[in-house]
Amino acid sequence: TKAIERIIYPVGFYKTKAKHLKAMSGMIDSVPKTREELMALPGVGRKTANLVLNRAFKIPAIAVDIHVHRITNLLGWVKTKTPEKTEMELVKILPQKYWPETNRLFVSIGRQFTSKRKYFLLKDIIISYSDKRFTHFEATLSYLKALLNFGSASSEETNICVCNAFI
């Protein structure tokens, strides 16, 4: 377990995760390819199972953590109280083509806007772009990527895209 801890040290809760990984190593020969099988493993919840499905196997799934939950509520995409309910609502409204990048993008944003002050700054930035909800997923995701310099869209291209989406 100590060797695993050293390898995964930068990860949060690395000691607990090391114990789960050690336990898992004797339980499986290969990584399961269903949410149910993944969630049967020690330490694997819905978010982790969805991440594995999405990133390892390219199976459509939305991994909703606190960042995805907060930001999608902030955007007005959902009005939910828990990450689990957020996932259920996002599956209904967000086109599947956006599922793979949703977690990665919103976690990146969430990590940059960690304090309440920064969170309210993010809210002000988003609200300043429109008095409407961000219901145009393409424009919203392009804008948020540009906010992070994430991906290839330039800020100018994104500003035009976002403005056009709301005119």
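Let's start with the largest nonpolar core, which has 19 residues. By nonpolar core I mean a set of buried Ala, Val, Leu, Ile, Met, Phe, Trp, Tyr and Cys residues joined through side-chain atoms within 4.5 Å. Buried here is under 20% relative accessible area, exposed is over 50%, and partly exposed lies in between, with a 1.4 Å probe and protein chains only. The residues with the most contacts inside this core are Trp77, Leu90, Phe106 and Ile109. Helices H5, H7 and H9 (137–148) each supply at least two of its residues. Those labels are DSSP runs numbered from the N terminus: H or I of at least four residues for helices, E of at least two for strands.

A quick word on the ground rules. This is a predicted model, where local features need pLDDT of at least 70, side-chain atom pairs count only at pLDDT 80 or more, and totals for chains, interfaces and linings use all residues. Residues are numbered from 1 along each chain as its sequence is written, and side-chain values use heavy atoms, with hydrogens and water left out.

What does Leu90 touch, not counting residues up to four places away in sequence? With contact taken as heavy atoms within 4.5 Å, the partners of Leu90 are Ile62, Val64, Val68, Thr72, Trp77, Val78 and Trp99. There is also a second, separate core of seven residues, and Met24, Leu38, Val44 and Ala61 are among them.

Now the helices, beginning with H5, residues 66–75. Seven of the ten residues in H5 are buried, so it is mostly covered. The buried ones are His67, Val68, His69, Ile71, Thr72, Leu74 and Leu75. Have a look at both ends of this helix. At the start of H5, a side-chain oxygen of Asp65 comes to within 3.1 Å of the backbone nitrogen of His67. Just after H5, Gly76 has a positive phi of about 85°.

Next is H7, residues 99–112. From first C-alpha to last, this helix of 14 residues reaches 21 Å, close to the expected 20 Å; that expectation is 1.5 Å times one less than the number of residues. Its buried residues are Trp99, Glu101, Thr102, Asn103, Leu105, Phe106, Val107, Ile109 and Gly110. Let me pick out Asn103. Its relative accessible area is 7%, so Asn103 counts as buried. Leaving out residues up to four places away in sequence, Asn103 touches Leu51, Arg55, Ala63, Asp65 and Val68.

On to the aromatics. A pair of aromatic rings is described by the distance of the centres and the angle of the planes. For the cut-offs, rings of Phe, Tyr and Trp (its six-membered ring) pair if their centres lie within 6.5 Å; planes under 30 degrees apart are stacked, over 60 edge-to-face, and the rest tilted. The structure holds two such pairs. Tyr9 and Tyr14 are edge-to-face, at 4.9 Å centre to centre and 70° between the planes. Tyr9 is exposed because its relative accessibility is 52%, while Tyr14, at 22%, is partly exposed.

Why is the pair of Trp77 and Phe106 tilted? The planes of Trp77 and Phe106 are at 45°, with the ring centres 5.7 Å apart, so the pair counts as tilted. This pair links distant parts of the chain, 29 residues apart: Trp77 is in the loop between H5 and H6 (83–93), and Phe106 is in H7. Both Trp77 and Phe106 are buried.

Last topic, salt bridges. Side chains of opposite charge can pair when their charged atoms come close. The rule is a side-chain nitrogen of Lys or Arg within 4 Å of a carboxyl oxygen of Asp or Glu, and the count comes to three.

One of them joins Glu5 and Lys2, at 3.7 Å from N to O. These two are three residues apart in H1 (residues 2–8), so about one helical turn separates Glu5 and Lys2. Glu5 is buried at 9% relative accessibility, whereas Lys2 is exposed at 55%.

Another joins Glu87 and Arg46, at 2.6 Å from N to O. Here Glu87 sits in H6 and Arg46 in H4 (residues 46–57), 41 residues apart, and the pair links distant parts of the chain. Glu87 is buried at 5% relative accessibility, and Arg46 is partly exposed at 26%.

Then there is Lys92 with Glu89, whose closest N and O atoms are 3.1 Å apart. Both Lys92 and Glu89 lie in H6, three residues or about one turn apart. Lys92 is exposed at 63% relative accessible area, and Glu89 is partly exposed at 29%. Thanks, everyone!

Technical notes: A polar contact is a pair of N or O atoms within 3.5 Å; within protein, one must be able to donate a hydrogen and the other to accept it, and residues adjacent in sequence count only if both atoms are side-chain atoms.
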